[in-house]
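Hello,

I am passing this structure on to you, and I hope you enjoy looking through it. Please open it first, and then read my notes below.

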Amino acid sequence: MSDRPVLGIDIGGSGIKGAPVKLDTGELASKRLRIETPKKSTPENVAKVVAEIVANFADQIGEGPIGVTIPAVVTHGVTRSAANIDKSWIDAPAEKIFEEALGRDIYLVNDADAAGAAEAHYGAAKDHPGLVLLTTLGTGIGSAIIYRGVLVPNSELGHLEIDGHDAETQAASSVKDKLGLSYEKYAKRLQRYYDVIEKLFSPDLIVVGGGVSKDAEKFLPLLKLKAEIVPAKLLNSAGIVGAAWLAVDRFQHQDLLVGSKP
Ligand code: BGC
């Protein structure tokens with residue numbers, strides 16, 4: 001692997017953020033650049049913003065692949081869902097659209113999977129020998145399942161149906177904000193959510209990411225679970241760092257890939 005930093009870009013509902021990542025340490029090599037997500041956030045419009053971010057860091061990153069996150073299921077470069085993004089992403093060949101717009105190799109990955117990879121390689125689950133489940137609490141709930149350092153992609157545990165509801169509509173941190181819930185009240189919703197997660201997956205470690213994890217000491221101690229539950233460490237750079245790590249991993253192991261791309 002070259003010593004040059006690798007660009008990671010995190011596409012969110014309000015902002016698109018990118019930075020070059022030093023893969024030996026997981027640190028950002030430069031300050032993040034954030035550009036507003038276009039109002040009509042179709043793959044084509046978002047690709048234009050991604051191109052601006054790539055151009056901004058072009059001198060630092062060289063010609064290699066870059067990693068890009070998206071809050072959707074991604075199989076073989078095609079986005080398959082759009083819970084909290086423009087519906088035009090459903091079944092869009094997004095990786096190809098980005099590659100054509102940028103003229104370089106892209107690895108497109110679910111945002112929570114990227115955050116999980118980052119925590120597994122550099123953060124709260126570094127070198128963990130067992131089953132780790134990362135959940136990101138934000139607009140929705142994202143999830144990543146990692147067993148002995150290997151990511152099982154596209155788990156989508158924010159959409160478990162619990163008590164007749166899509167789980168993220170009850171326990172995402174956006175619900176706490178919308179309803180003005182105290183941390184005590186919000187913790188009750190999280191307790192129900194993680195009880196179901198424990199019943200189904202028996203993780204050894206649960207890592208909690210998303211913006212609200214900066215206040216982890218206000219609600220994690222209120223949860224009673226068998227698994228250890230800890231806040232994520234990389235906070236708002238997890239998506240960027242994980243995307244960069246996965247991009248390199250993916251292109252180094254092309255021979256092991258299922259499907260037609262790359
Ligand atoms: C989406 C996931 C995403 C999560 C966090 C959910 O609504 O279905 O793909 O990881 O939100 O952004």
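Let me start at one residue: Asn154 touches Ala72, Val73, Val74, Thr75, Asn110 and Asp113, leaving aside residues up to four places away in sequence (contact means heavy atoms within 4.5 Å). Along the chain Asn154 and Val74 are 80 residues apart, yet their C-alpha atoms are separated by 7.0 Å. You will find Asn154 in the loop between S11 and strand S12 (161-162); helices (H or I, at least four residues) and strands (E, at least two) are DSSP runs, numbered from the N terminus. Asn154 is partly exposed, with a relative accessible area of 21%. Here buried means under 20% relative accessible area, exposed over 50% and partly exposed in between, with a 1.4 Å probe and protein chains only.

A word on the source: this is a predicted model, in which local features need pLDDT of at least 70 and side-chain atom pairs count only at pLDDT 80 or more, while totals for chains, interfaces and linings use all residues. Residues are numbered from 1 along each chain as its sequence is written, and side-chain values use heavy atoms, with hydrogens and water left out.

Now the whole chain. It has eight helices and 15 strands. Its radius of gyration is 18 Å, close to the 18 Å that the globule rule gives for 262 residues, so the chain is as compact as a globular protein of that length. That radius is taken over C-alpha atoms, and the rule is 2.2 Å times the number of residues to the power 0.38. The C-alpha atoms fill a box of roughly 50 × 40 × 35 Å along the principal axes, and 54% of the 262 residues count as buried. Among contacts between residues at least 6 apart in sequence, 62% join residues at least 24 apart.

Next, the sheet. Five strands form an open sheet in the order S11-S10-S9-S14-S15, with mixed pairing (two strands pair if DSSP finds at least two bridges between them). Strands S11 (150-152) and S15 (228-231) stand at the edges with a single partner strand each, so one side of each is left without a neighbour in the sheet. From one strand to the next, the twist averages 25°. S10 (residues 141-147) and S11 run antiparallel and are joined by three bridges, and Tyr147 stands opposite Val150 in S11. Helix H6 (residues 183-201) lies across S9 (131-137), S10, S14 (205-209) and S15, at about 150° to S9. Axes are lines fitted to C-alpha atoms, for helices over the stretch in contact, and angles run from 0 to 180 degrees between N-to-C directions.

Finally, the charged pairs. A search of the whole structure finds eight salt bridges, each a side-chain nitrogen of Lys or Arg within 4 Å of a carboxyl oxygen of Asp or Glu. One of them joins Lys40 and Asp86 (3.1 Å, N to O). Lys40 lies in the loop between S4 (33-36) and H1 (43-61), and Asp86 in the loop between S7 (78-79) and H2 (94-102), so the pair ties together parts that are 46 residues apart in sequence. Asp86 is buried, at 17% relative accessible area. Another salt bridge links Lys126 and Asp127 (3.5 Å, N to O); Lys126 is partly exposed at 47%, whereas Asp127 is exposed at 64%.

Best wishes
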